[in-house]
Amino acid sequence: MVHVWWSNIVSYIPDWPVFVQAGATLLIPVVLYFTHRWFRSVVTNGGGSSEKLTAATEESDSLLTGDYDADLDSIKQAIGSNDDLHFREYRVAELGIRAALIYIDGMQEDQLIDTQVMQVLMGKGDFVPEVELESSLPPADRLAAYFRQRILPVVEMEEVQGTQCLHEMVLTGYTALLVEGMPSAILVGKPRGKTRSITEPTSEALLRGPRLGFTEALSENTSMLRRQGRTELMEIKKYTVGNTLKRDLAVVYMKSIVNPDLLQEVEKRVAKIDLDFIAESGYVEQLIEDDILSPFQQAQNTERPDRVINALMAGRVALLLDGTPFALIVPVTFSMLLQSPEDYYERWMAGSLLRLLRFFAAFMSLMIPSLYISFISFHPGLIPTELAITIIETRERVPFPSLIEILVLEVSIEILREAGVRLPKPIGSAMGIVGGLIIGEAAVQAGIVSPFLVIVVSVTAIASFSIPMYSAGITLRMLRFVGMFFAAALGILGTILFFLLICSHLTKLKSFGVPYITPVSPIRLHDWKDLFVRAPLTLMKLRPEMMKTERKRRKA
């Protein structure tokens, strides 16, 4: 009796491969956690920002003396080797003193310099001197103010006394006026150059909405934000980033709405940027993000001024870098990456339907290949019988396992997608479509892949195209390959483990102190009005609770 009872118990104990698989399943997340923790500490300690060296410590910034010949020779020796640098020397006719304009070819506003500087100082314009003799000129320490306040009819002027600062400003496009007896130089106007005209954003096209997109000029981008509406709440603070090549970075926010702690954190991280050259806003995004080892972006990039304005009104902060049309919005949540401005321009039911479709498409783009490998290789019994027979018939001539089969097609699609982006526009789209059809048909005819897999990969690719943020689509495409290896190793258990690992990572991830998947975790039911569905505008009276804004109500 006891023997029979013990035999029944033993029959329910799984075989040793099941215990090995369970142990591996438990060990994988533990190893990933400690590896991520160790690597993050190494990168953080090794890549911490060092204190910036100012110009005063790197090189003594001597002052202009007021000796015209000595100052001009010093400037020529320092930066005169540049062939595009011009020195226009002349004499101020009515005052009897010498002067020189120093400028870079093609970076100044010619009409302003000709009519408001040259003609005025050379006595060929409407200039009427207030003094007639050189001896009655103001003292040297007030000569610059005299030129700025009484002589030059120019709106934008700035006085510079240091030679190092003067060299940098001239080489970045400013026009400098050097006057005999004046121990400083006057920067006239602002750098002006040919810029791209305002066009519709190519990366965020809409059927309904404004057709305005940012350009590479920071002044034009900030002016576009100002033109969105009359308000005294918008404030713009400018920082200089880059140690060798300097660029302006604007931090934009709505005062009395933005959380002061958030603004302070943004300014703190911007001040810590320590790099020779900030080529694009993507550099800024990588230098200020919370977790550099996370595959998910922690700042939203956009070309649309209307998206930036809506984010500012919700209590977020925008960063605009000179030389790039892409602005950054912080903090960001996962739901923001699947939202489009068109959701708010259409009626709430249509906008909600489109948003739900995007969430479903994002899930399909991430999980369909993993589920295909799991069902085909490990759990064919979970597939309906008639469908399973059809799939088996189509895979009879395929010599590869499901993982190799889907990798061949997925990698081919990714290469075609990348090639289509790099090719000229007239042939890029045509190449992608024709190449996909030819390669898919040829692979099926050759027996490399099955026709059913072509459908699976096509649906996955189409689903990824529906994601409005290109960067978010790249993240899901990258994680898709990781999920396929999990599925190939552990079947449906590996697929579930892969999904749970992503969920646990998103739960811990933060963007400037805001949980990445809020309002799902932590739960804030009020913010669900703008999560999976978009509630009518009449019901969205409060700003998101997650932002902890100064003004809670939108209709303040």
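This is a predicted model: local features need pLDDT of at least 70, side-chain atom pairs count only at pLDDT 80 or more; totals for chains, interfaces and linings use all residues.

Biologist: Okay, and how many bridges hold S7 and S9 together?

Modeller: There are 4 bridges between S7 and strand S9, which covers residues 317–321, and the two pair in the antiparallel sense.

Biologist: What about S6 and S7, how many bridges there?

Modeller: Strand S6, residues 234–241, is joined to S7 by 8 bridges, and these two run antiparallel.

Biologist: How many residues sit between the strands in the hairpin of S6 and S7?

Modeller: That hairpin has 5 residues between its strands, and Gly-242 takes a positive phi near 100° in it.

Biologist: Switching topic: which residue other than glycine has a positive phi near 55°?

Modeller: That's Phe-512, with phi near 55°. You'll find Phe-512 in the loop between strand S11 (510–511) and S12.

Biologist: Is Phe-512 buried or exposed?

Modeller: Buried: the relative accessible area of Phe-512 is 8%, and the cut-off for buried is under 20%.

Biologist: And what sits over the ring of Phe-512?

Modeller: The charged end of Arg-269 does, 4.1 Å from the ring centre. There's also Lys-76, whose charged end sits over the ring of Phe-87, 5.5 Å from its centre.

Biologist: Where does Lys-548 lie, by the way?

Modeller: Lys-548 is in the segment after S12. Lys-548 is not a glycine either, and it has a positive phi of about 50°.

Biologist: How many aromatic pairs are there?

Modeller: The count comes to 9 aromatic pairs. Take Phe-296 and Tyr-516: their ring centres are 6.1 Å apart and their planes are at 55°, so this pair is tilted. The pair links distant parts of the chain, 220 residues apart, with Phe-296 in the loop between helix H10 (281–288) and strand S8 (300–302) and Tyr-516 in the segment after S12.

Biologist: Are Phe-296 and Tyr-516 buried or exposed?

Modeller: Phe-296 and Tyr-516 are both buried. For another pair, look at Phe-363 and Phe-499: the ring centres are 6.0 Å apart and the planes are at 80°, so that pair is edge-to-face. Here too distant parts of the chain are linked, since Phe-363 is in helix H13 (residues 348–377) and Phe-499 is in helix H19 (residues 492–508), 136 residues apart.

Biologist: What's the relative accessibility of Phe-363?

Modeller: Phe-363 comes out at 40%, which counts as partly exposed. Phe-499 is partly exposed as well, with a relative accessible area of 33%.

Biologist: Back to Phe-296 and Tyr-516, which residue forms one aromatic cluster with them?

Modeller: Phe-334 does, so look for Phe-296, Phe-334 and Tyr-516 as one cluster.

Definitions and conventions:
Residues are numbered from 1 along each chain as its sequence is written. Side-chain values use heavy atoms; hydrogens and water are left out. Buried means under 20% relative accessible area, exposed over 50%, partly exposed in between (1.4 Å probe, protein chains only). Two strands pair if DSSP finds at least two bridges between them. Rings of Phe, Tyr and Trp (its six-membered ring) pair if their centres lie within 6.5 Å; planes under 30 degrees apart count as stacked, over 60 as edge-to-face and the rest as tilted. A charge sits over a ring if NZ of Lys or CZ of Arg is within 6 Å of the ring centre and within 35 degrees of the ring normal.
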